[in-house]
Amino acid sequence: MIPDPDAFYAALMDAHRDLSPEDSRKLDAKLVLILANQIGDMRVLLDAIALAKAAPRA
Amino acid sequence: MSFIQPRYAAAAPRAAEEAAPIVIVGGGLVGLTAALDLAQHGLRSVVLDDDDTVSVGSRAICFAKRTLEIYGRLGLGARFLDKGITWNTGRVFHRDREAYSFNLLPEEGHEYPAFVNLQQYYAEAWLVEACAATGMVDLRWRNAVTGIDGTRLSVGTPAGDYTLHADWVLACDGARSFIRNTLNLPFEGQVFRDRFLIADVRMQAPFPTERWFWFDPPFHPGQSVLLHKQPDDIWRIDFQLGWDADPEAEKDPARVRARVAAMLGDTPFELEWVSIYTFRCRRMQSFRAGRVFFLGDAAHQVSPFGARGGNGGVQDADNLCWKLAAVLRGQAPESLLDSYDAERIPAADENILNSTRSTDFITPKNDAARAYRDAVLELSAQHAFARPLVNSGRLSRPFIGYGLPAPDAPVLRDGAPDWLLRHLGRDFCVLSRGDAPATPLRAVTLGSDVEDHSGLAAARYDLAPGDAVLVRPDQHIAARFRATDAAAIRAAHEACLR
């Protein structure tokens, strides 16, 4: 669990503030790559990709 | 010094109807390699080529270590080493800084380096000479196959047509294979929506002997560029152009000159050869149709960034020729030939997989792919973890799905420095450490035939005293056992011939 969910979410939103859609997308990509490297476990990463794909779309 | 394009005399028909046990269609890199390999196994072949010369342009310039070892076995290794440009290091640049570098051969003690750059026309010209020297290869220039029915070939020449009845056909006629198309065999896969300009440029330039790849360089913004050094002061440059580029307009020499000049600044240069192409990754469902075999680009096609086209094709020939020789000599049943498909399809798939991944990185298919690609490149400046994600081509490595290719090692022969692979030959052999193997097969024993003074041979083959391995004619390790276990050796040899 993320200890302070609201603060994390706000930090994420702050990072994207004032970015063009293209730069925003690249920032997210960098974030995914950095986090993936910190996880470093292929099975966890593949599970995460599957979870993201399976989440219902509004 | 520069290459003089040979013009070979056209072969006129000898009779309206002829027969030949083995006919190779296509006298390019793969067809000529197969002809030479078959000749060294004692088999005659007829090679039909619709042209009268070798490759125009550098084409498959990067010859990988495994391919060089095959040419070593075929007696041409020294020519590749003497003439070719040896390189082991690749550098990848993003904009104006280095993003990633790799060393493909971090280990000493091999006769051949990771890669030699050499224009394909040199390799083909040497193969033509070597084939002629065997007296076993009937090389017929300007003999175009115009029809195939079973293994009966219709052949057209400037002096008239004839029919050639083959027992076996090796289709080495390239990505647009007439044989494959005429037999209506599917060739399916992926086309990449991108175009590349490929130029051979003659110049004196100070770049080091390394593979250099740029993403988004200042001299060619938004696209990628690849630079390779070749012999004779020829440099190969590949410019990514994008899908919207007009292939005809891009071939205009003035336009190519401007692109090269933007890259090289004031360095004077001459254009030697220019080509435009689109990448495809595809293969046939089976590389065999009855008594017709498909090798090289005729069977499978990859994008060029991993040097997997020419190398893959030579390795097809390496796999098939000894099997065909064993069947035609009556040492193995025809079913042995099914193993060509079983062994080389996974190899082709590995090449296609690597080549597809590289091309996906170099040519992002959508906005997300581009964002990730650029994210990797930007992170790579400061973060080592991102550098291995940079994919400018995963360069050809030996396929290990049907046994490890026999590793080389420095040895002493009568006290003089030598290389182990030179002693494994072109027939089955048993390599052992210490004890002579209990086998009628040819034996190479470390400690008596050659001295493993560095210990590298024992280490690379994991041979304890008394251990042995069976090496196939294509120099792949087939089985391991104790040198004294005659039954195991016999069983392993028989298993290789089924």
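Predicted model: local features only at pLDDT ≥ 70, side-chain atom pairs only at ≥ 80, totals over all residues.

1. Residues are numbered from 1 along each chain as its sequence is written, with chains lettered from A and ligands numbered from 1 in the order in which they are written.

2. Two loop residues of chain B deserve a look. B:Asp232 is not a glycine, yet its phi is positive, about 65 degrees. B:Asp232 sits in the loop between strand S15 (224-230) and strand S16 (234-240) of chain B. B:Asp232 is partly exposed, with 14 other C-beta atoms within 10 Å; the scale calls a residue buried if 20 or more other C-beta atoms lie within 10 Å of its own, exposed if 12 or fewer, and partly exposed in between, with C-beta atoms placed from the backbone.

3. The other is B:Gln475, also a residue other than glycine, with a positive phi near 60 degrees. Its place is the loop between strand S26 (467-471) and strand S27 (477-482) of chain B. Is B:Gln475 buried or exposed? B:Gln475 counts as buried, having 23 C-beta neighbours inside 10 Å.

4. Next, helix H1 (residues 29-40) of chain B. Eleven of the twelve residues are buried, so H1(B) is largely enclosed by the rest of the structure. The buried residues include B:Leu29, B:Thr33 and B:Asp37. They pack against several elements of chain B, among them strand S1 (17-25), helix H4 (120-134) and H8; here, two residues are in contact if their C-beta atoms, placed from the backbone, lie within 7 Å. After H1(B) comes B:Gly42, with a positive phi near 85 degrees.

5. Three strands form an open sheet in the order S12-S18-S21, with antiparallel pairing; two strands pair if DSSP finds at least two bridges between them. Strand S12 (187-191) and strand S21 (300-301) of chain B are the edges, each pairing on one side only. S12(B) and S18(B) pair over five bridges, and S18(B) and S21(B) over two bridges. B:Arg283 is the bridge partner of B:Glu188 and also has B:His300 of S21(B) as a bridge partner.

6. Finally, the domains. Chain B is divided into domain 1 (17-85 + 106-188 + 281-357) and domain 2 (410-496), with bounds that come from an automatic or database domain assignment. Their C-alpha centres lie 29 Å apart. Ten residues of domain 1 of chain B are in contact with nine residues of domain 2 of chain B. On the domain 1 side, helix H2 (65-73) and helix H8 (309-328) of chain B give two or more residues.

Terms used: Helix = DSSP H or I, 4+ residues; strand = E, 2+ residues; numbered from the N terminus.
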